[in-house]
Every structure is written in structure tokens, then in C-alpha cells.
Amino acid sequence: MTDRLNTLTSWHADWTGLRVAVLGLGVTGFAAADTLAELGADVLVLAPVGTDERAGLVDVIGARLVQTDLTEVPNELEAHRPEVVIVSPGFHPDHPLLEWAGASGIPVWGDIELAWRVRDKVGTPAEWLLVTGTNGKTTTVQLAAAMLAQAGLRVAPCGNIGVPVLDAVRDPQGFDVFVVELSSYQLHYLAGQAGPDFVTPYSSACLNIAMDHIDWHGSFEAYVAAKGHVYDRTRVACVYNKSDRRTEALVREAEVEEGARAIGFDLGVPGPSDFGIVDGIVVDRAFLEERFSSALEITTVDDLAAAGLAAPHIVQNVLAASALARSFGVTPAQVREALINFRLDAHRIQPVLTSGEISWVNDSKATNPHAAEASLGAYPSVVWILGGLLKGVDVSDLVARHSDRLRGAVIIGKDRSAVLGAFERHAPHVPLLEVDADNTEDVMPRAVELASELAVAGDVVLLAPAAASMDQFTDYAERGRLFADAVRQRWEGEADDRPTNRPSA
């Protein structure tokens with residue numbers, strides 16, 4: 001079995017009849033099944049019971065589908081006798097089907113390993129730039145892709161950003177470079193590669209590491225270790241956050257290709273081989289011969305503010321993206337031009353409106369404490385709307401660090417006890433109001449109403465939940481949209497400012 005798998009390192013290898021089990025039918029799982037069916041493999045898809053629209057397409061692409069609760073190994077899977085299992089990122093390592101595969105000696109690949117093996121479908125394979133981190137991944141991927149596109153390169157932002165790498169690989173137009181967002185889940189499975197053709201990125205970046213996904217990885221140490229695999233076998237630049245010692249440690253410990261350089265970034269004055277800020281100027285002291293005595297100007301903090309990119313955590317994303325783009329040969333002028341035209345995604349520190357000198361800001365994408373901290377730090381006086389699924393993470397430190405800037409807090413989510421307890425212990429002086437609505441459509445109107453009771457002129461009412469959304473909403477986007485709708489509904493016709501640019505705090 002392994003001998004055959006070792007030959008499958010090209011789209012043009014013989015995949016015909018390979019028995020594959022694909023676990024999951026989300027965006028990633030469907031892309032894997034579709035790819036393997038196109039290659040002529042014998043594909044069995046296993047997915048939880050549900051009405052996912054993709055279920056009706058499995059037969060169309062030439063695969064078979066088994067829908068069950070997946071709490072035990074289905075007979076159909078045993079009868080299929082898979083030669084390899086492709087696992088979607090959300091499957092926990094101790095899932096019964098994965099334990100069965102391990103006990104049966106069946107190799108398990110993630111979608112990233114599969115994509116790397118077939119990356120030559122449309123000609124010369126694209127180079128890969130990898131990005132991970134607890135927060136800021138999507139923004140950094142989008143920034144880097146914009147910079148590469150400004151240089152005239154054919155670039156695809158893909159991976160955990162929403163476009164599977166397998167879809168990018170199969171795009172007939174072909175690309176020069178992929179900027180790949182990787183979750184800790186994907187990196188966990190990527191670390192298990194055992195074939196002859198390992199993922200070898202051109203450059204890679206870990207933006208930051210904070211407590212997250214402990215429920216999935218089992219420990220913070222395991223989560224950190226998964227993130228560190230982004231640097232494995234990097235050939236040119238390992239970009240790390242100088243203000244986060246864990247990322248620097250991961251670079252030091254990484255097994256990289258000879259000649260790969262460590263490139264640091266932070267908001268301070270950069271040393272040689274770093275990106276940073278000098279007197280309000282964003283500079284590159286890494287990719288120039290005279291880096292020990294001079295620097296290259298990328299842009300200014302004022303120009304970033306004009307583009308809505310001056311919040312401190314967004315500036316860090318700009319620095320990391322600039323380092324990746326510069327490692328690939330993009331000029332400072334091209335980076336600067338891309339930044340002038342860049343705009344942040346919805347639900348990322350997105351202004352909704354300002355009324356009565358109170359600003360309402362949607363940062364629903366702040367799905368963990370680290371992301372929420374970045375948002376809170378951008379504003380001096382905040383009414384904070386928070387709560388949801390904490391994923392095993394404690395918000396106590398976050399509450400303690402920012403208690404002095406809080407006018408009050410509105411707590412949402414079905415399990416509010418942990419959040420309320422954190423305030424009771426660390427910020428008892430902060431006024432708290434609690435949303436006890438059970439229906440999704442009632443949560444945000446009530447939260448907005450309560451926040452209005454707390455806010456005064458000069459405040460920012462900030463939705464930065466520090467938690468996942470699936471207890472009451474479909475996803476963070478629905479949560480943010482319903483918040484924005486509730487705000488506009490309450491002040492329809494009263495808003496004195498509906499800014500199109502992001503805040504410059």
C-alpha cells in the first residue's frame with residue numbers, strides 16, 4: 001500500500017482505482033472528493049447525517065456517500081478497505097474513524113498534503129507562501145496576495161481563508177504563487193506527512209500564538225507545536241513576530257532548508273533582517289544589501305490610517321504581509337500601492353455608524369480572547385459586547401487587562417457564567433448587563449438596546465465577542481450582520497456619520 005502511495009506525487013501519476021475514504025463533506029472534504037474522483041480514484045465519502053447541499057453532488061462527481069453519526073466505524077468503510085484516508089480539518093485526532101485508521105495501518109492525509117502532491121496539474125506548480133497564527137491570518141493572506149498581484153503575479157489566496165487549496169490547484173488558468181492560510185488543525189495533519197514529497201514552502205509566517213482551540217488539541221503545548229509546523233522545510237524566509245517570543249522560539253526550533261532566513265516584525269524600530277516602524281515610517285531592513293546601515297521605506301502610518309489600516313494589530317498584519325511579499329521580490333513601491341487600495345473584510349473592526357457621538361463597531365470576527373484584545377486596545381472607552389462559545393479558553397486575563405477602558409459590558413451567549421465570573425473576580429466595578437434571549441433574531445436587538453443604556457458620548461460600542469458564535473448563530477458573519485442590522489434599525493434616519501473607511505485608532 002505504502003509503495004503505491006509513494007508514487008503518487010503528481011497529478012499525472014496513476015491514481016486510477018486507488019481506494020480512498022474522505023472524512024467530512026464541508027468545503028474542504030468536497031474539494032478532496034471531487035479532486036480524487038477526477039483522478040480516477042475509488043472514493044467513499046463519510047459525513048454526519050445532515051442536509052448539506054453538497055450531499056446531492058457526491059454521486060454527480062463519481063463518488064459514493066455514507067451519512068451516519070460517525071460514532072463508530074460504518075460497515076461500508078470496512079468493506080471499502082481504503083488505502084488512504086483524507087481527513088477534513090475539523091475531525092479531532094481521537095475521532096473513532098481516525099483511531100480505526102491508525103489501528104489498521106492506513107495512512108491519513110490532510111487536504112494540504114493531497115494538494116501538494118497534485119500541484120502540477122496545469123503546468124509548473126505555483127510557489128507556496130504559508131500563513132498561520134491565532135489571529136490575523138485572513139487579513140495577512142489578503143494583504144500579501146494584494147501586494148503580489150500589484151507586482152503582476154498570478155496569485156491565489158486560499159486554504160482556511162475559504163477557497164480550498166485543491167480548488168486553486170485545479171484552476172485551469174494556473175498561478176505563480178499561492179498564499180495559503182493554515183489552521184492549527186491543518187498543520188496538525190500536515191505534520192504527519194510520511195511520503196517522499198513533503199510540503200516545502202517558499203516562505204512562511206506565524207503571526208502570533210495565544211490560547212485557542214485547547215478543546216481540539218488537548219493542551220496549549222500541542223496547539224503551539226502544531227503552529228510551529230508552518231516553518232517546516234521553508235526555503236527563503238521564516239517570518240515571525242518579535243513581540244511574541246513563542247513564534248521566535250518556533251523559528252529557532254524549525255527544520256528549514258539551508259539558506260532560509262528568520263525575518264522578524266513588530267511595531268518598534270527594526271534591527272537588521274526585520275520589518276518595523278521608525279518615526280512613523282514602515283520600513284524594511286531585511287531585503288536590501290545595506291540592511292546593517294539603512295532601510296527601505298514601505299509606507300507611513302498616516303497613509304495606513306487613510307486606508308483604515310492603522311489599528312495596531314492590523315499594522316502588524318501589514319508588516320508580516322510586506323515581509324512575505326518582499327521575500328518574493330515585490331518592490332517597496334508595489335507594496336505601497338497595494339496598501340493604498342486595500343480594504344479590510346466585513347466583520348473585522350468594521351464601523352457600522354456613529355450617532356449621538358457614540359460609534360458602533362462590528363468585530364464579530366474576534367472569535368477568541370487574543371483577537372478581542374487587539375480590538376479593545378484600539379479604543380480608549382468601550383462598551384463591550386462579548387460572549388459565546390469559549391472553546392475551553394478563559395477570558396479572565398482579558399477582562400483584567402482592559403477593565404479600566406470599559407464603560408460597561410453586555411454579555412451574550414447561552415453559557416454566560418464563565419464570562420460573568422471573570423468580571424466578578426477581575427472587574428467588579430464594571431457595570432454588566434446580560435442578554436437572556438434564546439432566539440437568534442432577538443439576541444442582537446436586545447444587546448444593542450442594553451449597550452445604548454451604558455454608552456455615553458465619546459464611547460465605542462464594540463462587538464468583539466472573544467468567543468465562537470455557533471451557540472446562537474450560524475457563524476461569526478451572521479452574528480456580525482445581525483448586530484449591524486440591529487444598530488441601523490435602532491438609529492435609522494438618525495446617523496450623523498456612516499464612514500466607509502475603517503477607524504484609524
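**Salt bridges and a buried serine**

Q: E38 first. Is it buried, partly exposed or exposed?
A: E38 counts as partly exposed, at 43% relative accessibility. Keep in mind that this is a predicted model.

Q: Which side chain does E38 meet in a salt bridge?
A: That of R170. The N to O distance is 3.4 Å.

Q: Where do E38 and R170 lie, and what does the pair tie together?
A: E38 is in helix α2, residues 27-38, and R170 is in helix α8, residues 165-170. The bridge therefore ties together parts that are 132 residues apart in sequence.

Q: And R170 itself, buried or exposed?
A: Buried. Its relative accessible area is 13%, and the cut-off for buried is under 20%.

Q: How are R170 and D167 placed in helix α8?
A: They are three residues apart in helix α8, so about one helical turn separates them.

Q: How accessible is D167?
A: D167 has 33% relative accessibility, which makes it partly exposed.

Q: Zooming out, how many salt bridges are there by this rule?
A: The count comes to 18.

Q: Give me another one. What does R446 pair with?
A: R446 forms a salt bridge with E449. Their closest N and O atoms are 3.2 Å apart.

Q: Which helix holds R446 and E449?
A: Both are in helix α19, residues 440-454.

Q: Are R446 and E449 buried or partly exposed?
A: R446 is partly exposed, with a relative accessible area of 32%. E449 is partly exposed too, at 31%.

Q: New topic. Where does S375 sit?
A: In helix α16, which covers residues 369-376.

Q: Buried or exposed?
A: S375 is buried. Its relative accessible area is 0%.

Q: What does S375 touch, leaving out residues up to four places away in sequence?
A: H313, I349, D363, L462 and A464.

Key. Residues numbered from 1 in each chain as written. Predicted model: local features only at pLDDT ≥ 70, side-chain atom pairs only at ≥ 80, totals over all residues. Heavy atoms only, no water. Helix = DSSP H or I, 4+ residues; strand = E, 2+ residues; numbered from the N terminus. Buried < 20%, exposed > 50% of the residue type's maximum accessible area, 1.4 Å probe, protein only. Contact = heavy atoms within 4.5 Å. Salt bridge = Lys/Arg side-chain N within 4 Å of Asp/Glu carboxyl O.
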